[in-house]
Structures are given as structure tokens and as C-alpha cells.
Amino acid sequence: MRHIDNDLHQGISIERKAQLDVLSDYLSQAQELLNMNNVHPAAPAVIIGASLEEFLRTWVEEKGLDTDINKPSIDVYAKILRESNLITKQDMKDITSWAGIRNNAAHGNWDEVKDKLRIKIMLEGVNLFMSRHTSNC
């Protein structure tokens with residue numbers, strides 16, 4: 001299953017298409033991990049969050065936006081994109097929520113990321129977000 005539809009890649013650079021293909025592969029791996037009963041949901045949550053951060057970072061770079069970032073993070077990249085009106089207020093809220101889930105997983109807050117359904121919803125949301133915005137970046 002391709003997580004970022006290839007048809008949405010039209011009109012973007014070959015480098016950007018390659019970046020999106022890699023992210024799509026990572027999201028597919030996260031889906032596979034979610035389907036496994038012996039894998040804690042924190043593992044795919046970290047992969048999903050890392051994929052989102054990479055998507056946002058490369059989008060910021062592709063647009064030539066503020067790259068003088070002291071402490072890069074999902075939230076910082078999202079803020080830059082929001083200030084440039086490239087994402088909506090609702091996108092920003094979604095990204096903040098996904099970043100929180102990823103941070104809980106990365107910092108071992110296992111009780112916060114033990115619900116597989118919540119991580120599946122995160123995956124679906126990130127995938128939808130990336131698909132919607134692929135043609136904009």
C-alpha cells in the first residue's frame with residue numbers, strides 16, 4: 001500500500017519525489033508494525049512522527065523559508081509553514097497533537113501510547129495531511 005499517492009507527485013522536482021517515496025515507505029513500515037501483535041504501538045508512533053517531521057522540514061527547505069532554526073522540531077517547522085499560510089489553523093492543531101504522541105513514544109511514556117487505535121488514527125491523519133499537501137510543496 002502506498003501511503004502517499006504517486007499521482008499527487010506530478011509537477012514536483014525529482015528530488016522531492018524521491019523524498020516523498022522514502023516517507024511513503026516509512027509510513028508503510030509503520031502500518032506493518034501496527035498490524036503485528038508483538039510490537040508496542042510506540043514503535044510505529046516514532047516512525048510516523050519522524051516521517052511527519054521530515055516532510056515538514058523538507059517542505060520548509062523546498063519553499064526557501066526560514067532555515068535559521070536553533071532547535072528544529074515538528075512544532076517549529078509547522079509554525080513556519082503556518083506563518084507562511086501554507087497550512088491551516090486546523091492543520092496546526094493536528095500536527096501539535098501528532099507531535100505530542102511522537103514525543104510520548106520517544107520519551108518512554110508508554111501509557112500515553114499504548115492504544116493501537118490511537119496510533120492508527122495518527123497514521124491515517126498524517127497520511128491524509130501529507131497527501132493533501134504534497135502538491136503544495
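Residues are numbered from 1 along each chain as its sequence is written, and side-chain values use heavy atoms, with hydrogens and water left out. Because the model is predicted, local features need pLDDT of at least 70 and side-chain atom pairs count only at pLDDT 80 or more, whereas totals for chains, interfaces and linings use all residues.

In soluble globular proteins, nonpolar side chains tend to be buried together. Here the largest nonpolar core has 33 residues, such a core being a set of buried Ala, Val, Leu, Ile, Met, Phe, Trp, Tyr and Cys residues joined through side-chain atoms within 4.5 Å, where buried means under 20% relative accessible area, exposed over 50% and partly exposed in between (1.4 Å probe, protein chains only). At least two residues of this core come from each of α1 (14–34), α2 (42–62), α3 (74–83), α4 (89–106) and α5 (116–133), the helices being DSSP runs of H or I with at least four residues, numbered from the N terminus. The most is given by α2, with eight residues. The residues with the most contacts inside the core are Ile48, Leu52, Phe55, Leu56, Ile95 and Phe129.

Two of these, Ile95 and Phe129, also take part where α4 meets α5, a contact (heavy atoms within 4.5 Å) that includes Trp98 and Ile101 of α4 and Met122 and Val126 of α5. By class, this contact has seven nonpolar, two polar and four charged residues; Ala, Val, Leu, Ile, Met, Phe, Trp, Tyr, Cys and Pro count as nonpolar, Asp, Glu, Lys and Arg as charged, and the others, Gly among them, as polar. The axes of α4 and α5 come within 11 Å and cross at roughly 135°, these axes being lines fitted to C-alpha atoms over the stretch in contact, with angles from 0 to 180 degrees between N-to-C directions. The two helices are therefore oblique to each other, since angles under 35 degrees count as roughly parallel, over 145 as roughly antiparallel, 65 to 115 as roughly perpendicular and the rest as oblique.

The axes of α1 and α5 also come within 11 Å, but cross at roughly 160°, and α1 and α5 are therefore roughly antiparallel. Among the residues that meet are Leu23, Leu27 and Gln31 in α1 and Ile119, Leu123 and Met130 in α5; the contact divides into seven nonpolar, two polar and two charged residues.

Finally, Asn85 lies in the loop between α3 and α4, where this residue other than glycine has a positive phi, near 60°. Asn85 is exposed, with a relative accessible area of 62%.
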